Amino acid sequence: MTELTTAARGAHALETRSRTVRLEATNPEGSFLGKNVAREKFASGADSGFAFADLLFGLDLGNAPAFGFAYPEWRGHLDDVYFRPDMSTLVEWAPGLDAVIGDYWLKDGTPVPLCPRNLVRKMVDRLSASGFTAAVAVEIEATVFEESVQEARSRGYRDLTPLGGTAGTAYHLAKSKDWVEYMSAVTRRLDEVGIAWEAWSDEDAAGQIELNLAPGDPIAVGDAWARTRQVMREVAFEQGRTVTFMAKPTAGYGQASHLNVSLQRDGVNAFHAEDGPSATMRHAIGGLLATIEGNTSIVLPQITSYRRLVDLSGPPVTITWGISNKTTAVRAVCGHPTQSRLEYRLPGADANLYLALAGVLAGVIAGVERKIEPPEPVSEMAWCLPPGLGVERLPDTMTKAADKLEQDPLLRDLLGGEFVDYWVGSRRWEWMQFHTAGGDPFAELSEWESARYFELP
């Protein structure tokens with residue numbers, strides 16, 4: 001049988017279905033972007049790609065051009081980059097609407113170095129060259145409010161009513177019907193579009209949910225993350241609610257995106273050993289800690305991200321690891337032939353998961369390839385440690401983290417200098433916008449942050 005071209009496969013898949021196809025991808029900030037095209041247009045462009053102006057890599061979340069750092073030669077003239085659909089992601093999203101995820105490519109046929117999905121693929125390919133495959137999983141945290149998004153906007157995203165009430169902390173089943181109805185609708189939609197999920201529960205903050213996606217290939221899990229957040233937003237809109245993935249939408253608890261990762265070689269979990277972390281796991285931990293200061297900039301991308309870093313409130317604040325120790329930045333889960341893994345507990349809910357995965361896998365690769373040995377594990381609580389113990393704290397501001405990323409030779413080598421320079425420049429731009437356009441560094445949560453981050457990313 002003759003193999004069909006991408007366009008032919010697309011036309012065949014769509015000929016009895018939707019009139020419209022939605023093209024989907026994230027920008028580096030984590031916003032879910034795309035365009036809707038007619039079925040015939042999609043069939044004609046699936047091989048050549050669909051043109052997008054390069055401004056999608058040049059605008060900040062306030063829709064202003066970001067300046068103050070060098071543009072690569074392909075960016076800055078409002079030239080086109082090209083979206084290439086990954087036909088394995090084609091799904092029927094709703095009656096009359098199909099959806100497909102893709103990547104951004106340059107005119108010369110090379111991947112856009114700033115495309116988040118391309119960066120994950122680059123790390124997956126690097127692992128494959130060493131004989132490894134990675135399995136990852138993500139815990140999505142979000143807060144849902146009773147008010148509609150229109151009312152939330154009219155209030156400046158302040159003084160909103162948490163869905164499900166304010167009583168309790170975590171895991172409570174005695175929640176009001178509207179709470180259950182929201183998450184029941186979300187999981188039904190996930191089932192309909194083929195996104196595998198494992199569990200959901202009440203989280204610590206009022207109105208906060210944790211939703212666990214099934215583990216899988218890093219690119220597939222990134223795709224599931226992007227679409228799950230879109231589902232959660234659409235269900236909220238349909239029910240007259242609003243949902244946010246902001247790192248800290250109120251003065252209460254923050255929100256995370258914990259990542260779990262393991263490596264396999266020849267179908268065997270390379271992180272497992274009978275007596276604790278295997279050598280491969282130990283080296284992976286060493287690489288993750290060696291790169292964690294630079295990676296902080298990637299996994300804590302916004303001003304508000306750093307408001308989470310408070311001792312005793314959940315997030316890690318130190319460059320530490322431990323076995324089954326959830327107060328450390330990297331938690332090692334050991335002793336199980338299939339479930340031995342590392343939990344990277346630093347990312348905020350506002351992180352672009354594709355970029356977070358790329359950064360974490362880069363740390364793992366650096367450690368495994370260079371056989372980096374980690375420091376001693378921390379067995380006690382890693383919060384509130386007194387000075388003098390030799391335990392360093394994580395960067396606690398956007399600019400400190402950006403400086404560490406700029407200086408990190410491992411991440412620069414693995415992720416590429418073009419991405420690192422772009423990301424560092426964009427974070428410094430964001431810091432300047434905060435300090436010159438209305439942000440208040442002394443507030444628990446400034447109005448500028450709510451307006452900028454509540455809906456996006």
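Predicted model: local features only at pLDDT ≥ 70, side-chain atom pairs only at ≥ 80, totals over all residues.
Two packed helices are described by the angle between their axes and the distance between the axes. Helix 7, which spans residues 279–290, packs against helix 9, residues 353–370, at an angle of about 120 degrees, and the two axes are 6 Å apart. That angle makes helix 7 oblique to helix 9, and the crossing of the two helices is right-handed. On the side of helix 7 the contact is made by Thr-280, His-283, Ala-284, Gly-287 and Leu-288, while helix 9 contributes Val-360, Gly-363, Val-364, Gly-367 and Val-368. When these residues are sorted by class, the contact of helix 7 with helix 9 has five nonpolar and five polar residues, with no charged residues.

Helix 10 and helix 12 form another packed pair, with an angle of about 165 degrees and axes 9 Å apart. The two helices are therefore roughly antiparallel to each other, and the crossing of helix 10 and helix 12 is left-handed. In this contact, Met-398, Thr-399, Ala-402, Asp-403, Leu-405 and Glu-406 of helix 10 meet Val-420, Trp-423, Val-424, Arg-427, Arg-428, Glu-430 and Trp-431 of helix 12. The residues of the contact of helix 10 with helix 12 divide into seven nonpolar, one polar and five charged.

Several of these helices also take part in covering helix 8, residues 292–299. Seven of the eight residues of helix 8 are buried, so that helix 8 is largely enclosed by the rest of the structure. The buried residues are Ile-292, Gly-294, Asn-295, Thr-296, Ser-297, Ile-298 and Val-299, and what covers them includes helix 7, helix 9, helix 10, helix 11 and helix 12, together with strand 15.

Side chains of opposite charge can pair when their charged atoms come close, and the structure holds 31 salt bridges. One of them involves Arg-427, which was named above among the residues of helix 12 that meet helix 10; Arg-427 forms a salt bridge with Glu-29, and the closest N and O atoms are 2.7 Å apart. This pair links distant parts of the chain, with Arg-427 in helix 12 (residues 417–436) and Glu-29 in the loop between strand 1 and strand 2, 398 residues apart. Both Arg-427 and Glu-29 are buried.

A salt bridge is also formed by Arg-126 with Glu-369, where the closest N and O atoms are 2.9 Å apart. Arg-126 lies in helix 3 (residues 116–129) and Glu-369 in helix 9, so this pair ties together parts that are 243 residues apart in sequence. Arg-126 counts as partly exposed at 30% relative accessibility, and Glu-369 is likewise partly exposed, with a relative accessible area of 33%.

Glu-181 is partly exposed, with a relative accessible area of 37%, whereas Lys-177 is exposed, with a relative accessible area of 63%. Elsewhere, salt bridges that share partners join Asp-86, Asp-103, Arg-117, Arg-121 and Asp-223 into one network.

Most residues other than glycine have a negative phi, and most peptide bonds are trans. Asn-63, although not a glycine, has a positive phi of about 70 degrees; Asn-63 lies in the loop between strand 3 and strand 4 and counts as exposed at 57% relative accessibility. Cys-384 also has a positive phi, near 55 degrees, and is found in the loop between helix 9 and helix 10, where Cys-384 counts as partly exposed at 46% relative accessibility. The peptide bond from Leu-456 to Pro-457 is cis, with omega near 0 degrees, and Pro-457 is placed in the segment after helix 13 (447–453).

A further loop residue, His-336, is located between strand 14 and strand 15 and counts as partly exposed at 34% relative accessibility. His-336 and Tyr-306 are 30 residues apart in sequence, and their C-alpha atoms are 34 Å apart in space.

Technical notes:
Residues numbered from 1 in each chain as written. Heavy atoms only, no water. Axes fitted to C-alpha atoms, helices over the stretch in contact; angles between N-to-C directions. Helix = DSSP H or I, 4+ residues; strand = E, 2+ residues; numbered from the N terminus. Parallel < 35°, antiparallel > 145°, perpendicular 65-115°, else oblique. Left-handed = near helix turned anticlockwise from the far one by under 90°. Contact = heavy atoms within 4.5 Å. Nonpolar A, V, L, I, M, F, W, Y, C, P; charged D, E, K, R; others polar. Salt bridge = Lys/Arg side-chain N within 4 Å of Asp/Glu carboxyl O. Buried < 20%, exposed > 50% of the residue type's maximum accessible area, 1.4 Å probe, protein only.
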